[in-house]
Amino acid sequence: MHAEPRPPAAPIDLAQRLRNYLDLIRWNRPAGWLLLLWPTLSALWIAAQGFPGWHLLLVFTLGTILMRSAGCCVNDIADRKFDRHVKRTSQRPITTGRTSVREALAVALVLTLLAFALVLSTNALTIACSVFAVAITVFYPYTKRFFSMPQAVLGVAFSFGIPMAFAAVQARIPAAAWWLLLGNLCWVIAYDTEYAMVDRDDDLRLGMKTSAITLGRWDVAAILLCYGLFLACWAWVLRPQALGWPWHLALALAAAQVLWHGWLIRLRRREDCFRAFTQNHWLGLTLLIGIALGYALKA
């Protein structure tokens, strides 16, 4: 007797697979990588005291997009068993089975290697910093299981482009870079706590740890305090640069945005907290424009 022939394998839909990969890296949600890009570019301008040159601008812009995309892959792998129980994340590619863990790891590795190839065109100190940046990106998703303020760890990951920018421009990391990182970390805690407020009920049920849960009824006040510390820290660091009216106007507009965010989140409604989070990149862009114009007019 001859064995029954196997039915032909279903053709692989490459277009659908590509769509799954784009969903995995949140390609349709650019607000995430803009939140990393604006402070990194601001640091480049500050370190160079003006336009940093096309090479570094390209390296840090593409590198930021690539590493944020890789971070999304790592985050979704780590959270795949939790995401299916949260309304906002239940349709992500890994948790629905549209993309396997192996595929996601491969995508993350390729993106990380591409970003590292870009960094290799800089200097030894920047390359060394990039290794730490990758390590903290991988470590962050797992802190939500044991650390009451994982947003602080995310703040380090999202802010490490700042010392890397100084390293690339000056081949050193001055104290000002670390102060800018500290201020930016406060900003990340502010906007990611807004984000965590959206999922607070689901995270409580699943036993996840977030700043929104840890802060409890002090969440709104703490967010506004973190925003204030961010702006104060950057204003203090940049005061000796004498960037004139563009920087002062940018600070005033950023402060106005902070007040608007406070108004949005005051009632802790999910849709308003999510809206506040998604609009944070405008605050970062405002400061970048003020810095760039300030140096341009100063030159």
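Biologist: What makes a stretch such as residues 219-238 a helix here?
Modeller: A helix is a DSSP run, H or I, of at least four residues, and helices are numbered from the N terminus. Residues 219-238 form helix 13, and Ala222 lies in helix 13. The model is predicted.

Biologist: How far from Ala222 is Asp202?
Modeller: Their C-alpha atoms are separated by 21 Å. Along the chain the two are 20 residues apart.

Biologist: Turn to helix 7 and helix 9. What makes helix 7 roughly parallel or roughly antiparallel to helix 9?
Modeller: The axes of helix 7 (residues 124-143) and helix 9 (residues 161-170) cross at roughly 165 degrees and come within 8 Å. Angles over 145 degrees count as roughly antiparallel, so helix 7 is roughly antiparallel to helix 9. The crossing is left-handed.

Biologist: Which residues meet there?
Modeller: Leu125, Thr126, Cys129, Ser130 and Ala133 in helix 7 meet Met164, Ala167 and Ala168 in helix 9. Six of the contact residues are nonpolar, two are polar and none is charged.

Biologist: Which residues touch the most other members of the largest nonpolar core?
Modeller: Trp247, Leu283, Leu287 and Ile291, in a core of 74 residues. Helix 10 (residues 175-198) gives this core its largest share, 14 residues.

Biologist: How do you know what Leu287 touches?
Modeller: Contact means heavy atoms within 4.5 Å. Leaving out residues up to four places away in sequence, Leu287 touches Ser42, Phe230, Leu231, Trp247, Ala250, Leu251 and Ala254.

Notes: Residues numbered from 1 in each chain as written. Predicted model: local features only at pLDDT ≥ 70, side-chain atom pairs only at ≥ 80, totals over all residues. Heavy atoms only, no water. Axes fitted to C-alpha atoms, helices over the stretch in contact; angles between N-to-C directions. Helix = DSSP H or I, 4+ residues; strand = E, 2+ residues; numbered from the N terminus. Parallel < 35°, antiparallel > 145°, perpendicular 65-115°, else oblique. Left-handed = near helix turned anticlockwise from the far one by under 90°. Nonpolar A, V, L, I, M, F, W, Y, C, P; charged D, E, K, R; others polar. Core = buried A, V, L, I, M, F, W, Y, C linked by side-chain atoms within 4.5 Å. Buried < 20%, exposed > 50% of the residue type's maximum accessible area, 1.4 Å probe, protein only.
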